[in-house]
Amino acid sequence: MSSFELNKVVGAVLIAVLAMVIIGKIGDNLVSTGGGHGGGHGADAPMTAKALAAKKKAPLEPILGMLASADIAAGGKVAAKCKACHDFKKDGKNKIGPNLWNVVNAKRGAVAGFGYSKAMTAKAGSWTYSNLNKFLAKPKDFVPGTKMTFAGLKKTKDRANLIAFLRSAADSPAPLPSQVDIDAAAQALKAAMQPAADAAMAAPAPKAAAVKAVKHAAAPPAPMMNVAEMVAKADAARGKRVFNKCKACHSITKGGKNGIGPNLWNIMNRVPASVDGFKYSKAIRGLKDKPWDYANLNAFLTKPKAYAKGTKMTFIGLKKDSDRANVIAYLRGLSDSPVALK
């Protein structure tokens, strides 16, 4: 072999080695092992507040109070995503996943002829409404190790509609949850959210920067808002869009069923705690001398927990005057005879 050819071989080897070193360095920057215990910044690196907040999981919103008024047809559309793996018909065949006919309240891992994962067969219990809600929110969290690749449904409404659809896929649909069950689920949600609220209240206030004391004239009090005048000028259509946040808990149709919260048809000027069939908290029952007129509704929607201390309602309120006026205008229209603007 000539010296020229030998030099070419040596050069090619050196280039290959250099390329491997560069690729290795890039790989180290892209994927940090962190010594096997921590992140890329060392095992003892403190977690940021943002990382700690992300680590804490928000409690899952219950669907028990939504099932009576859930949209089965909409649930069928959500179920269309599942049809590649599941059959929903009576005597339907198993596919990649088991047949889901009569699944509500059925024992887990019990469909004949289907080979379940070890994770699913090891998970004792049955497919209650609450367990279906947890599983459909994030399958891999509820059954770690499940073979199911579906990521889950983020929207509570989608899960409620899908479970209502699954309930209908039976010769004898399972009984709907009782009001006692619905109230217990609402209380459990409130209890789960309380530690975070307590921690927020207990957190020390940030230290203000030292400044020289300067005397200022007291700011004049904010003028009293005339809610009725604002409602008269409000946009009920926008109020309806704002109110969409409330539909997970409240129905609004005439004769509609109560959900987690009471039906709100004809709510204007109504005495609090007077919707038939709904079990109110002591906080709301104590407001019977304050009918839901424009001013009281505005005060309640500003900050429910301040207006009705001890209320079970988890909604924090609407900060904007315009949002509250628009919602009240929308609620005013939910009546055969809307109350007068005055």
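Author: Gladly; we will go through pockets, then one asparagine, then aromatic rings. Keep in mind that this is a predicted model.

Reader: How do I start with pockets, and what volume does the largest pocket have?

Author: The general idea is simple: rolling a probe the size of a water molecule over the atoms shows where empty space is left. Here, the largest pocket has a volume of about 1,000 Å³. It is lined by 42 residues, and those closest to its centre are C249, H250, M313, T314 and F315. Helices α8 (179–202), α12 (294–302) and α14 (321–332) are the elements that each give two or more residues to this lining, and α8 gives the most, with 4 residues.

Reader: How does the lining of the largest pocket divide into nonpolar, polar and charged residues?

Author: There are 30 nonpolar, 6 polar and 6 charged residues in that lining.

Reader: And which residues lie closest to the centre of the second largest pocket?

Author: That pocket holds about 840 Å³ of space. Its lining counts 38 residues, with H86, G97, P98, L100 and M148 closest to the centre. Both α5 (129–137) and α7 (156–168) supply at least two lining residues, and the largest share, 3 residues, comes from α5. By class, the lining of the second largest pocket has 23 nonpolar, 11 polar and 4 charged residues.

Reader: Now a single side chain. Is N258 buried or exposed?

Author: Compare its relative accessible area with the cut-off: buried means under 20%. N258 has 16%, so it is buried. This residue lies in the loop between α10 (236–243) and α11 (282–285).

Reader: What does the side chain of N258 reach at 2.9 Å?

Author: It reaches the backbone nitrogen of N263. A polar atom of the N258 side chain also lies 3.1 Å from the backbone oxygen of D276. Residues that N258 touches include G65, S251, V275 and F278.

Reader: Last topic: how many aromatic pairs are there?

Author: A pair of aromatic rings is described by the distance of the centres and the angle of the planes. The count here comes to 10 aromatic pairs. One of them, W292 with Y307, is tilted, at 6.2 Å centre to centre and 40 degrees between the planes. W292 is in the loop between α11 and α12 while Y307 is in helix α13 (residues 304–307), so the pair ties together parts 15 residues apart in sequence. Both W292 and Y307 are buried.

Reader: Why is the pair of F300 and Y307 edge-to-face?

Author: Planes over 60 degrees apart count as edge-to-face. The planes of F300 and Y307 stand at 80 degrees, with centres 6.0 Å apart, so the pair is edge-to-face. F300 counts as buried, at 9% relative accessibility. Elsewhere, ring pairs link W127, F135 and F142 into a cluster.

Conventions:
Residues are numbered from 1 along each chain as its sequence is written. This is a predicted model: local features need pLDDT of at least 70, side-chain atom pairs count only at pLDDT 80 or more; totals for chains, interfaces and linings use all residues. Side-chain values use heavy atoms; hydrogens and water are left out. On a 1 Å grid over the protein atoms alone, a cavity is a set of points where a 1.4 Å probe fits but cannot get out, and a pocket is an open set with protein on both sides within 12 Å along at least five of seven lines; lining residues have an atom within 4 Å of a point. Grid points are joined across faces, edges and corners, and a volume is the space filled by probe spheres set on the points. Ala, Val, Leu, Ile, Met, Phe, Trp, Tyr, Cys and Pro count as nonpolar, Asp, Glu, Lys and Arg as charged, and the others, Gly among them, as polar. Buried means under 20% relative accessible area, exposed over 50%, partly exposed in between (1.4 Å probe, protein chains only). A polar contact is a pair of N or O atoms within 3.5 Å; within protein, one must be able to donate a hydrogen and the other to accept it, and residues adjacent in sequence count only if both atoms are side-chain atoms. Contact means heavy atoms within 4.5 Å. Rings of Phe, Tyr and Trp (its six-membered ring) pair if their centres lie within 6.5 Å; planes under 30 degrees apart count as stacked, over 60 as edge-to-face and the rest as tilted. Lists of a residue's contacts leave out its neighbours within four places in sequence.
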